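Here are my notes on the model, as numbered points. Please read them with the structure open.

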Amino acid sequence: MDIATIVNGLLGPEGRREPYPLYEELRALGPVVQTDEYMVMVTGHEEADEVLRTPAFGVIDPELATRFEPDYLEHPGQTLLGDSILQRNAPDHGRMRSLISSVFTPRRVAALEPAVTAAVDALLDELAEHGDGPVDFLDAFAFRLPIGVICELLGVPEQDRHLFRPLAADLTVTLEALVEDAELVAADRAAGELSQYFAELAALRRADPKDDLVSALVATADADPQRLSDTELLANLALLLVAGFETTGNLLGNALALLLGRPDTAARLREGALDPAALVDEVLRFDSPVQLTSRIALTDGLTVGGLPVPLHTGVLLLIGAANRDPRRYTDPGRFDPDRAAGRPLSFGGGPHYCLGAQLARLEATAALPALLRRFPDLAAAGPADRRERLVLRGYRTLPVTLTGRAAEPPSRRAAEPPSRRAAEPPRHRGIEAS
């Protein structure tokens with residue numbers, strides 16, 4: 001299969017649903033291949049990691065975008081994220097990221113663990129109300145958990161949180177390799193609504209600060225507008241919101257889909273015989289929520305895997321392929337949460353390493369074992385529906401049935417008298433997450 005056929009396949013509906021066979025076709029041509037005069041594609045783990053960590057390979061920032069896309073400035077769906085750290089190079093990227101990192105700290109994220117556990121328990125309570133009937137795991141749990149957590153961290157009122165999943169789905173289509181005109185219109189609308197929402201919330205927090213990230217970032221921006229403009233403030237708040245749940249929701253969905261077909265792995269996770277962090281890392285490697293990211297050569301004289309990459313040549317990093325590089329992972333096509341080959345590239349690397357990686361891992365490691373312990377008979381209730389997206393990989397729907405009586409939360413069982421606990425029948429062992 002030649003390069004053009006492989007690329008066209010990846011851009012087609014089937015390739016976007018199941019890209020892995022095409023990744024292997026591309027890998028057979030080498031870890032780095034030139035697709036045309038202005039683009040190379042990378043499937044090798046070592047090569048992708050090198051590009052991510054090399055500042056001379058930057059992102060397509062607004063200045064470059066306006067050069068290559070004449071209508072870029074006409075679409076808020078593109079320019080909103082373009083004003084955030086996601087699509088800025090040095091020095092703007094470092095300036096903004098240092099401010100955001102000063103309030104979105106590892107200590108602040110770690111302190112969220114009790115709140116995340118409580119949110120998981122509350123959602124499992126609601127899930128139990130569905131009884132034995134089919135329920136879409138994505139709607140009922142996978143997206144609601146990270147939306148609730150990031151909104152709590154930002155300070156978004158609970159009554160507004162239902163607004164954001166459809167807005168994020170519309171906005172993030174601009175990150176895809178192909179965008180239809182109708183999708184761009186929807187992205188522009190979503191960008192306008194998100195900008196307006198955060199402008200109003202920022203004004204409220206300016207007048208009445210709270211203990212949340214919006215208040216902290218507003219105070220930081222007001223103290224030194226040269227370090228964070230109003231436009232950049234709104235763009236980064238929108239990015240924190242969208243990135244805070246879009247990939248984590250897909251991570252939870254991808255994980256459960258894998259576990260539904262692997263009852264032994266699920267049982268080990270449920271029983272505490274499998275480290276949840278190891279499971280999450282293997283899900284990230286085997287079926288990454290982020291499959292592709294791009295860089296561009298900011299200087300001349302660069303190479304990737306020995307291949308020259310002239311100035312302004314694009315570099316497509318196929319993260320999903322790099323995470324299955326046989327030079328890095330033994331038997332990479334096998335799902336194995338016991339492997340010890342280091343963390344995958346799913347959260348990127350270098351200057352643009354994902355700020356929310358710690359939070360995503362915290363949510364997934366808390367949610368998956370708790371879900372399977374609470375519902376040991378959880379099972380698929382029909383075929384899952386993959387989204388036709390190449391960059392952000394996940395499901396549109398993932399129907400499950402709880403099948404049988406839901407087990408009570410461990411916290412509640414621990415509070416019961418020993419005599420009552422002893423009188424209960426043993427729990428049935430079933431599927432759990434890994």
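1. Start with Pro91. Pro91 sits in the loop between α6 (76-82) and α7 (92-103). Helices here are DSSP runs of H or I with at least four residues, strands are E runs of at least two, and both are numbered from the N terminus. The peptide bond joining Ala90 to Pro91 is cis, with omega about 5°. Most peptide bonds are trans.

2. A word on the basis. This is a predicted model: local features need pLDDT of at least 70, side-chain atom pairs count only at pLDDT 80 or more, and totals for chains, interfaces and linings use all residues. Residues are numbered from 1 along each chain as its sequence is written, and side-chain values use heavy atoms, with hydrogens and water left out.

3. Two backbone angles deserve a look. Most residues other than glycine have a negative phi. His312 is not a glycine, yet its phi is positive, about 65°. His312 belongs to the loop between β7 (307-309) and β8 (314-318). With a relative accessibility of 24%, His312 is partly exposed. The cut-offs are: buried under 20% relative accessible area, exposed over 50%, partly exposed in between (1.4 Å probe, protein chains only).

4. Asp331 also has a positive phi, near 50°. Its place is the loop between α18 (319-322) and α19 (357-374). Asp331 is partly exposed, at 42% relative accessible area.

5. Next, the helix pair α15 (residues 230-260) and α17 (residues 276-286). They pack at about 95°, and their axes are 10 Å apart. Axes are lines fitted to C-alpha atoms, for helices over the stretch in contact; angles run from 0 to 180 degrees between N-to-C directions. The two helices are therefore roughly perpendicular. The classes are: under 35 degrees roughly parallel, over 145 roughly antiparallel, 65 to 115 roughly perpendicular, the rest oblique.

6. Which residues in α15 meet α17? Leu251, Asn254, Ala255, Leu258 and Leu259 do, against Leu279, Val280, Val283, Leu284 and Phe286 of α17. Contact means heavy atoms within 4.5 Å. The contact residues of α15 with α17 are nine nonpolar, one polar and no charged. Ala, Val, Leu, Ile, Met, Phe, Trp, Tyr, Cys and Pro count as nonpolar; Asp, Glu, Lys and Arg as charged; the others, Gly among them, as polar.

7. On disulfides, the count is zero. The rule asks for a pair of cysteine sulfur atoms within 2.5 Å. For Cys151, the nearest cysteine sulfur is that of Cys354, 16 Å away. Cys151 is buried, at 0% relative accessibility. Cys354 is partly exposed, at 28% relative accessible area.

8. Salt bridges number 32. Each needs a side-chain nitrogen of Lys or Arg within 4 Å of a carboxyl oxygen of Asp or Glu. Asp83 and Arg88 form one, at 3.2 Å N to O. Both Asp83 and Arg88 are buried. Arg161 pairs with Glu152, the closest N and O atoms being 2.9 Å apart. Arg161 is buried, at 16% relative accessibility.

9. How far apart in sequence are the parts tied together by Arg396 and Asp385? Their side chains form a salt bridge at 2.9 Å, N to O. Arg396 lies in β11 (residues 395-397) and Asp385 in β10 (residues 385-386), so the pair ties together parts eleven residues apart in sequence. Arg396 is partly exposed, at 43% relative accessibility. Asp385 is partly exposed too, at 29%.

10. Finally, a network. Shared partners link Asp83, Arg88, Asp92, Arg95 and Glu232 through salt bridges into one network.
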